[in-house]
Amino acid sequence: MSFHDVRFPIEISRGASGGPERRTDVVVLGSGHEERNARWADSRRRYNAGYGVRSLDDLNQVIAFFEARRGQLYGFRWRDPMDWKSCLPSATPSATDVELGIGDAATDTFALVKPYVSGAHSWTRDVRKPIIETLQVAVDGTLQSPATAYVFDDGTGAIVFQQGHVPDVGQIVTAGFAFDVPVRFDTDTLEINLSHFHAGSIPSIPIAEVRL
């Protein structure tokens with residue numbers, strides 16, 4: 001998939017609206033009971049960047065970004081202001097935030113993930129676009145050195161341990177990071193009416209998550 005490794009202007013995405021979307025079929029039976037079936041195993045994020053546009057200069061940035069991505073053609077990075085860390089929004093990522101797996105002395109690749117837990121139930125999200133400078137990895141609580149102990153494979157979204165640093169049997173691999181969402185514009189047309197904009201109308205700039 002064509003992807004530009006560039007981030008949408010944060011000052012605009014910070015004011016955007018949106019969040020996770022799921023697809024569920026709901027059939028109401030004659031008895032009033034329901035049959036429900038999940039069409040998607042994983043959620044997908046959708047946003048409207050228009051709510052973050054506050055000035056004509058903001059609009060100019062969005063138009064330039066839209067043209068450089070050729071509309072829907074190229075994906076890009078998006079900072080979700082509500083969900084962009086392996087930890088709580090008020091905290092700083094640490095190397096023990098998220099468990100990635102348990103070593104077996106042979107497996108050298110561990111995918112980055114973020115779990116969402118509520119009670120006895122949870123869902124795990126794949127994280128494909130971490131912010132590399134924030135990425136920290138630990139094995140049994142011991143911080144690992146990037147490049148020396150491991151590298152990040154951008155193609156697969158996984159940590160790959162180097163020879164001699166593969167986690168041993170029973171060792172717990174953890175990580176902490178900030179991350180972006182891979183997205184694209186969900187339109188090939190930006191319809192912006194300046195008279196409406198000056199009157200306070202919000203332009204619609206739909207953004208959709210893409211699966212890499």
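The largest pocket holds about 270 Å³ of space. Sixteen residues line this pocket, and Arg125, Asp126, Arg128, Glu209 and Arg211 are the closest to its centre. The structure is a predicted model.

Two strands, S10 (121–126) and S17 (179–185), each contribute at least two residues to the lining of the largest pocket. S10 provides the largest share, four residues. By residue class, this lining has eight charged, six nonpolar and two polar members.

The second largest pocket has a volume of about 150 Å³. Its lining is made up of 14 residues, and those nearest the centre are Asp83, Lys85, Cys87, Leu88 and Lys114. Strand S9 (residues 113–118) gives the most to this lining, namely three residues.

Turning to the strands, an open sheet is formed by four of them in the order S7-S16-S12-S13, with antiparallel pairing. Strand S7 (98–102) and strand S13 (142–143) are at the edges and have a single partner strand each, so one side of each lacks a neighbour in the sheet. Strands of a sheet pair through backbone hydrogen bonds, in either a parallel or an antiparallel sense. S7 is joined to strand S16 (residues 172–176) by four bridges in the antiparallel sense. Within this pairing, Val98 has Ala175 of S16 as its bridge partner.

How values were computed:
Residues are numbered from 1 along each chain as its sequence is written. This is a predicted model: local features need pLDDT of at least 70, side-chain atom pairs count only at pLDDT 80 or more; totals for chains, interfaces and linings use all residues. Side-chain values use heavy atoms; hydrogens and water are left out. On a 1 Å grid over the protein atoms alone, a cavity is a set of points where a 1.4 Å probe fits but cannot get out, and a pocket is an open set with protein on both sides within 12 Å along at least five of seven lines; lining residues have an atom within 4 Å of a point. Grid points are joined across faces, edges and corners, and a volume is the space filled by probe spheres set on the points. Ala, Val, Leu, Ile, Met, Phe, Trp, Tyr, Cys and Pro count as nonpolar, Asp, Glu, Lys and Arg as charged, and the others, Gly among them, as polar. Two strands pair if DSSP finds at least two bridges between them.
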